[in-house]
Amino acid sequence: MFGLYEMAFGGLTWGNILMLLIGGGLIYLGVAKKMEPFLLVPIGIGVILVNIPSAGLMVYAPAEPGVIPLPASGGLKEIAEGKIGLLNLLYHYGLGSEVIPLLIFLGIGALSDFSPAISRPLSFVFGATAQLGVFIVFLIAYLTGWFTINEAVCVGIIGGSDGPPTVYLTVAKAPQLLGPITLVAYSYMALVPVLQPPVIRLLTTKKERQIYMKPQTREVPSLERIIFPIAVIVVAGLFVPACLPLVGMLMFGNLLSVTGVTDRLGTSAGGVFVDVLTFLLGLTVGSLMPAMVFLNTKTLMIIGLAVVAFAFGTAGGIWAVQIANLFLKEKINPLIGAAGVSAVPMAARVAQIEGQKANPRNFLLMHAMGPNMAGAIATSVVAGIFMSMV
Amino acid sequence: MIDWGLVAKTAGGGFGSTLLVLVILSIVIWLIGFVMRRRVRKPKDES
């Protein structure tokens, strides 16, 4: 300006302008349409902050687009010198270290009620089969040659519809795709009510959707609810130790809220604690989306493949219930299998709405919450398996 | 070049392992519930 200092206009590209619009669009979706507002609003503002050139909140290595400079001396000196920005620090100490996704999972565990899954243990099988989309999309992503094997597992895990495992795996295996993968994962979770019904109607008959299930599930005694997280940690940890950071945090959070003597800790973990971490996650993920990193064909492919992942995840859950019904005397409504794609509680709500459309007497929400919650554990197990295999 | 062995291991083995772990988990949870229900029922029967 008047030769005194540099304005941002000179460095502004068409890509930056497009990203500013995308950032604004995300904030609009969060505020006006109430789509995952806790995440889309911080992600949107992060996108805007990082696409105004020369602002210095998130500095990328000039020679290698997408590479984020490390704070070499704890960060404060580099921030003062303009070598890195505040968001570089948040990325490295929050996301790069995996601290934020794991602690968010602790908070989610504290907020979760696993009683519907405990009262119908078959829910865990439906939660597992609903991971089908993860593996189908992994295959497509890798075999088409569009993605490396590390990237392909991260694209696939979007189908698990669970944020923290997706972020956790992507930070470890393909951090260069963290921005688009996280954005697509959270956006599509909000779009579950749009994505799932066509698949459900395609794969089930009206007669199946009409299957009546008694509204109440078994009441789970408190001792059983205390033993549950410990049992999950031991079983999942022994079979897939690499999933324990995720499963362990989820179950620890849950234990805090069910013991009856650590209520304050559980309330804290599921309250301001998880809120702070959530907006830090959103802001940091948004800052990973400067135009030079985000606008490429891989992002478009991720957007397309995620739809396939959700469709096959929904199908996997439905098919498992249909197979189970061949052997069960008291039939299960296949809609509750569709809720095996985590997306808590949206997928369970979809089962409830579609179930009531087919049979107004049906009240499937609590039944659907079982596979829904089991899906969160299943996605964490899948993330652990990918961590140790690839 | 595609490493078919790794693909089969990751996709087939991965999905199979997930299913296996969750099936075991469902059995363990069912067993715990079964024991709990018996434990709760017993004192009632005795009275």
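**Notebook: a look around chains A and B**

I began at A:Ala347 and, leaving aside its neighbours within four places in sequence, I found it in contact with A:Val192, A:Gln196, A:Ala338, A:Ala339, A:Val341 and A:Asn372. Contact here means that the C-beta atoms of two residues, placed from the backbone, lie within 7 Å.

A note on the source: this is a predicted model, where local features need pLDDT of at least 70 and side-chain atom pairs count only at pLDDT 80 or more, while totals for chains, interfaces and linings use all residues. Residues are numbered from 1 along each chain as its sequence is written, and chains are lettered from A and ligands numbered from 1 in the order in which they are written.

**The core**

Next I looked up the largest nonpolar core, and it has 141 residues. Such a core is a set of buried Ala, Val, Leu, Ile, Met, Phe, Trp, Tyr and Cys residues joined through C-beta atoms within 7 Å. A:Ala347 turned up again, listed with A:Val155, A:Ala351 and A:Val381 as having the most contacts inside this core. α21(A) gives the most to the core, with 14 residues. Helices are DSSP runs (H or I, at least four residues), numbered from the N terminus.

**Where A meets B**

I then turned to the two chains: 34 residues of chain A are in contact with 24 residues of chain B. On the chain A side, α7 (123-129), α8 (132-143), α14 (222-239) and α21 (365-389) each supply at least two residues. α14(A) gives the most, with nine. I sorted that side into 30 nonpolar, three polar and one charged. Here Ala, Val, Leu, Ile, Met, Phe, Trp, Tyr, Cys and Pro count as nonpolar, Asp, Glu, Lys and Arg as charged, and the others, Gly among them, as polar.

**Two loop residues**

A:Glu98 has a phi of about 70 degrees and sits in the loop between α4 (86-95) and α5 (99-111) of chain A. A:Ser161 has a phi near 55 degrees, and I found it in the loop between α9 (149-156) and α10 (163-173) of chain A.

Is each one buried or exposed? A:Glu98 is partly exposed, with 17 other C-beta atoms within 10 Å, whereas A:Ser161 counts as buried, with 33 inside 10 Å. The cut-offs are 20 or more for buried, 12 or fewer for exposed, and partly exposed in between, counting other C-beta atoms within 10 Å, placed from the backbone.
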